[in-house]
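Visitor: I would like to learn how to read a structure like this one. Please take the features in turn.

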Amino acid sequence: MVQIVISSKAGEGPAEWLLVELQGEVVSRQNTGLAGNLMGDLHYTKEGVPVLIVGHHILYGKQVKLEKPFAVLMKHSGLPRDEEETMETNQENPTSYTVSALIKKKLIFKTRPKPIITNVPKKV
Amino acid sequence: SAKYCPILTNHKSMESLFIHLIIRGDKDEHAVLCNEDETYDLKIADTSNLLLFVPGCKTPDQLPDISASPQLVHAQIWGFSNCYWELRRQRPRLKKLKKLLMENPYDGPAVGMQEEAPGPKYTMDDLLERIQASREEIEAHLQNVHACEIDGFWRILDFDYEMKLLGHVTQLVDSESWSFSKVPLSVCLEELGSLEPKSMIEHCLNCYGRRYSNEDGQVIYALDEDKVCRATAQLLLQNAVKFNLSEFQEVWQQSVPEGMSARLDQLRGLALLDRSSKPETISLLRIEDLPEDTLERFNSLFSLREKWTQDDIEPYIQDLCGEKQTTGALLTKHARSSVQNGVKVYNSRRPIAT
């Protein structure tokens, strides 16, 4: 049988991250992939309502406390292996996980994105 | 390369969950997650929503209330995912524990110059490697099955040997005219130490009695009448398929130590009464001999008997209840009820091959 240990860093507890949940997909404009690109702007109104601007869309969301918190785990699998990952662990390079962060709340954007039209030509 | 995997929990206190966590499982088993005293099922769940992880991103309540100048903070999205692992608390799979220990039960020290016959033996670490449960759950179950640690290995006692030890103790209690609740450890060890290892005598007292100290600081045991009578019943019942109930009750009462009362309610989860047959009968049916999986357990029970009253079936399904689930709820889910002779009975929802 396999035993995989999950540990948290010694000292203070894990950091707290925020989860942002979107309905649908985010794609990059020129299909260049998402990594390294600016996704958008996150604003909060005076009432604390989160507002997300992605490209030319604007989304309104809300902050929700997670009933079931998340933990983010980082996997450490010893030496890199060329073969496919299997449940079997090599005794000298056992797989383990560390808890990177806890997530206790999220910003969820469920409303339909509205396009922002900045140039409305005036009727002549 | 580092991979990340969000886990969802429903644990009351997130922080306390993360002390010493281990994922356990064989290739053909579903993985479970254990901390020191609990076991959880691990299942992958996915969502059509996109989950973005933003370390250190602040929410309005965490930002200072400066309406003067707008603030610009750069936050990086660490990653995103469509799926996560969900944890669901479940009862630990412990049937394997007894099965492993029964590969080589202990029936007393080796006789004369002989060494104990070779056979598989398991340390606690060995058990943690093989059983999908937390350490505390394993320790509690070891106590339930009356296992003891001998030379670093956890051993289950051969039942006849266990009853032999108990017999020595109860005979001594009788000859010394002690009260069942005042059995002194030191005298037991002195008088019985020549017959059996002292550690075994003490183990027997721990299994069948409650340990305490009297005013003089001596270690005393209060024998548990229910446990002693129950074990005696098992010894009698395992010798035949079925017994005439009234004959059994007579023999049973005569076999328990004088002064103890043998009562049928002591046999819940151990024996099954058939009050519909003439004469009424009783037979051995131990919950630990039944399947661990809920559906298989119900199938097994309904193959043994077509219709059960709630009172009869309850001891055999009690351990299947999830957190906050009642046996009534379990029966509603897995059985069909009807009324027979004015009594509510349960039968299988599906046809059972008997």
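Visitor: What volume does the second largest pocket have?

Guide: The model is predicted, so local features need pLDDT of at least 70 and side-chain atom pairs count only at pLDDT 80 or more, while totals for chains, interfaces and linings use all residues. Residues are numbered from 1 along each chain as its sequence is written, chains are lettered from A and ligands numbered from 1 in the order in which they are written, and side-chain values use heavy atoms, with hydrogens and water left out. On a 1 Å grid over the protein atoms alone, a pocket is an open set of points with protein on both sides within 12 Å along at least five of seven lines, a cavity is a set where a 1.4 Å probe fits but cannot get out, and lining residues have an atom within 4 Å of a point. Points are joined across faces, edges and corners, and a volume is the space filled by probe spheres set on them. For the second largest pocket that volume is about 1,600 Å³.

Visitor: Which residues are the closest to its centre?

Guide: They are B:Lys98, B:His141, B:Asn144, B:Val145 and B:Glu288, out of 48 lining residues. By class, the lining has 18 nonpolar, 10 polar and 20 charged residues (Ala, Val, Leu, Ile, Met, Phe, Trp, Tyr, Cys and Pro are nonpolar; Asp, Glu, Lys and Arg are charged; the others, Gly among them, are polar).

Visitor: Which element gives the most to that lining?

Guide: H4(B), with six residues; helices (H or I, at least four residues) and strands (E, at least two) are DSSP runs numbered from the N terminus. Elements of chain B that each supply at least two residues include helix H2 (95–101), helix H4 (135–144) and strand E6 (148–150).

Visitor: Where does this pocket lie relative to the domains?

Guide: Domain 2 (159–223) and domain 3 (291–353) of chain B both contribute lining residues, so the pocket lies between them. The bounds come from an automatic or database domain assignment. Chain B also has domain 1 (22–59 + 75–89), and the C-alpha centres of domains 1 and 3 of chain B are 34 Å apart.

Visitor: How are two packed helices described?

Guide: By the angle between their axes and the distance between the axes. Axes are lines fitted to C-alpha atoms, for helices over the stretch in contact, and angles run from 0 to 180 degrees between N-to-C directions. Helix H10 (residues 294–304) and helix H12 (residues 327–334) of chain B pack at about 80°, with axes 12 Å apart. H10(B) and H12(B) are therefore roughly perpendicular (65 to 115 degrees). Their contact (heavy atoms within 4.5 Å) joins B:Thr294, B:Leu295, B:Phe298 and B:Phe302 of H10(B) to B:Leu330, B:Leu331 and B:His334 of H12(B).

Visitor: How many cavities of 30 Å³ or more does the search find?

Guide: It finds two. The largest has a volume of about 40 Å³, and H10(B) gives the most to its lining, with four residues. Among the lining residues are B:Phe298, B:Phe302 and B:His334. The second largest cavity holds about 30 Å³; its lining has five nonpolar, one polar and two charged residues.

Terms used. Angles under 35 degrees count as roughly parallel, over 145 as roughly antiparallel, 65 to 115 as roughly perpendicular and the rest as oblique.
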